[in-house]
There are 2 protein chains.
Amino acid sequence: MPKNKLSTSDRILQSALQLMKEKGFQLVTIKEIAEAAHVSEMTVFRHFETKKGVLEAAIERNTVVPGFKQTLDKDLVFDLEKDLLQIAHLYLDLMKRYESICLIAVQERASMPELVDLVSDNTEQLKGYITAYFNTMQEEGKMKQTDSYTQASIFLATLFSYFISTALWKEKFITVAKEKFIKNSVQTFCYGLQP
Amino acid sequence: MPKNKLSTSDRILQSALQLMKEKGFQLVTIKEIAEAAHVSEMTVFRHFETKKGVLEAAIERNTVVPGFKQTLDKDLVFDLEKDLLQIAHLYLDLMKRYESICLIAVQERASMPELVDLVSDNTEQLKGYITAYFNTMQEEGKMKQTDSYTQASIFLATLFSYFISTALWKEKFITVAKEKFIKNSVQTFCYGLQP
DNA sequence: TATGTTAGTTAGTAACAACTAACATATGTT
DNA sequence: AACATATGTTAGTTGTTACTAACTAACATA
């Protein structure tokens, strides 16, 4: 079945996702998708019936259920700096995998408001785990007494900012390199800026 | 000239901006704009010639040159927490005024990549001022020795995250209220999370 | 009263997009 | 050889959209 490397279906889905992540669902035409996948328009319709069908298939192929719980239970060492670094990488890796879907969810938030749930459900879950982690750390006296949920929100927000601004505009807003951004964020979160 | 409250032109521009901020430029039709402004399509064309003309006029009416420099020189007291609070409000107020333009810049980043400059130019400028401020604070021993530019980036990134996620999805991602978000962010930046 | 300004109505054009239908071709399998 | 499967080609339908043109109506001002 695979002639070159990817099957026809896969090539179509890959091209479609790439184009839709750049321009959104409605602004991409079947013609563009077909050209990018080196097939005729008819082939696209034969595989997926409708344009919406292409998107749905592409989403299905790109959604994964992330296993935060296990990863966190396994890797957390209850050292604030080390753990925040772990969490930061975990979150950014997750968002990277959801990059296309997230960008389509941005573009189509008026026409397909349910799309964003695919991303926000995971984020909410992770936020919950971080909140619980902060609570534990506070009980153990390893962290200041603060509102864990708010702190979890702010920590993820900082990382989300890095993700979304590079996804949308490359280095236009954030020119700092990823690792440097993460490292400095975590350190600031842990120790603050005051001397 | 003003019959009710706003002139016809203003009503058109206001409706157009509202619609485009929700759906982007290309996905809004003149028909929608005309209906929202309670005029006929012809009236829209008579006032602005083309659809692009509507956008350009709307942008012109909504861009302001912000006077950071004066505001900062006037209000900074060189107390880290107080100053970061000021800066946070300054930045979020600015972004609020650019909300529509920024959202259109998101939607049309493939077709009008120059749009985002209207927002990022201001942000870059402010980032520069914050960097300089951090440098001063470090010289005065009121702040840890760190990379000022990176810290300025991270601080603005955190705020940008609040702005963009509420602009795109209301409370879907960040449920924490604005003032609480700002206050906690600033405190974390100043004092960190470690006890 | 005459005139200019502003807006509405109606009809139409040209381009493009999603999708359908019918037919043709290549390739591999039985 | 016979057949199924995957793909291409071509032509068409239907709906939408930006934009134009021509005519009309209301209203304010000179």
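# Exercises on a two-chain predicted model

Chain A holds 10 helices and 0 strands. The model is a predicted one.

## Exercise 1: Layout of chain A

Describe the order of elements, the extent and the domains of chain A.

**Solution.** 

Step 1. Read the elements from the N terminus. They run α-α-α-α-α-α-α-α-α-α.

Step 2. Take the box along the principal axes. The C-alpha atoms of chain A fill roughly 65 × 35 × 35 Å.

Step 3. Domain 1 of chain A covers 8-62, and domain 2 covers 68-191.

## Exercise 2: Where the domains of chain A meet

How many residues of domain 1 of chain A are in contact with domain 2 of chain A? Then find which residues of domain 1 lose the most area there.

**Solution.** 

Step 1. Count the contacts. In chain A, 12 residues of domain 1 touch 12 residues of domain 2.

Step 2. Turn to area. About 1,000 Å² is buried between domain 1 and domain 2 of chain A. Carbon and sulfur atoms give 67% of this area.

Step 3. A:Lys21, A:Ile59 and A:Asn62 lose the most area to domain 2 of chain A. Together they make up 47% of what the domain 1 side buries.

## Exercise 3: Bonds and helices between the domains

Which side chains form a salt bridge with each other, and at what distance from N to O? Name the helices of domain 1 that supply at least two residues to the side touching domain 2 of chain A.

**Solution.** 

Step 1. Count the salt bridges. Between domain 1 and domain 2 of chain A there is 1.

Step 2. Look at Lys21 again. The side chain of A:Lys21 meets that of A:Glu99 in a salt bridge, 4.0 Å from N to O.

Step 3. Find the helices. H1 (8-23) and H4 (51-62) of chain A each supply at least two residues of the domain 1 side. H1(A) gives the most, with 5 residues.

Step 4. Sort that side by class. It divides into 5 nonpolar, 3 polar and 4 charged residues.

## Exercise 4: How the two chains are related

What rotation superposes chain B on chain A, and with how much shift along its axis?

**Solution.** 

Step 1. Superpose the chains. A rotation of 180° with 0.0 Å of shift along its axis places chain B on chain A, at an RMSD of 0.0 Å.

Step 2. Name the relation. It is that of a two-fold axis.

Step 3. Locate the axis in chain B. The C-alpha nearest the axis belongs to B:Gly192, 1.8 Å from it.

Step 4. Compare the surfaces. The same surface serves both copies, as 98% of the contact residues of chain B recur in chain A.

## Exercise 5: The interface of chains A and B

Find how much area is buried between chain B and chain A. Which helix of chain B gives the largest share of the side that touches chain A?

**Solution.** 

Step 1. Count the residues. The contact takes 56 from chain B and 55 from chain A.

Step 2. Give the area. About 5,200 Å² is buried between the chains, with 62% from carbon and sulfur atoms.

Step 3. Pick out the leading residues. B:Arg109, B:Phe173 and B:Leu193 supply 16% of the area that chain B buries against chain A, more than any other three residues.

Step 4. List the polar links. Between chain B and chain A there are 4 salt bridges. A:Lys172 and B:Asp117 meet through their side chains in a salt bridge, 2.6 Å from N to O. The chains also have 24 residue pairs in polar contact.

Step 5. Find the helices. H1 (8-23), H7 (99-107), H8 (117-139), H9 (148-169) and H10 (178-191) of chain B each supply at least two residues of the side touching chain A. The largest share, 13 residues, comes from H9(B).

Step 6. Sort by class. This side of chain B has 26 nonpolar, 18 polar and 12 charged residues.

Notes:
Residues are numbered from 1 along each chain as its sequence is written. Chains are lettered from A and ligands numbered from 1 in the order in which they are written. This is a predicted model: local features need pLDDT of at least 70, side-chain atom pairs count only at pLDDT 80 or more; totals for chains, interfaces and linings use all residues. Side-chain values use heavy atoms; hydrogens and water are left out. Domain bounds come from an automatic or database domain assignment. Contact means heavy atoms within 4.5 Å. Buried area is the accessible area (1.4 Å probe) that two parts lose on being put together, summed over both. Helices (H or I, at least four residues) and strands (E, at least two) are DSSP runs, numbered from the N terminus. Ala, Val, Leu, Ile, Met, Phe, Trp, Tyr, Cys and Pro count as nonpolar, Asp, Glu, Lys and Arg as charged, and the others, Gly among them, as polar. Copies are superposed by least squares on the C-alpha atoms of residues with pLDDT of at least 70 in both. A polar contact is a pair of N or O atoms within 3.5 Å; within protein, one must be able to donate a hydrogen and the other to accept it, and residues adjacent in sequence count only if both atoms are side-chain atoms.
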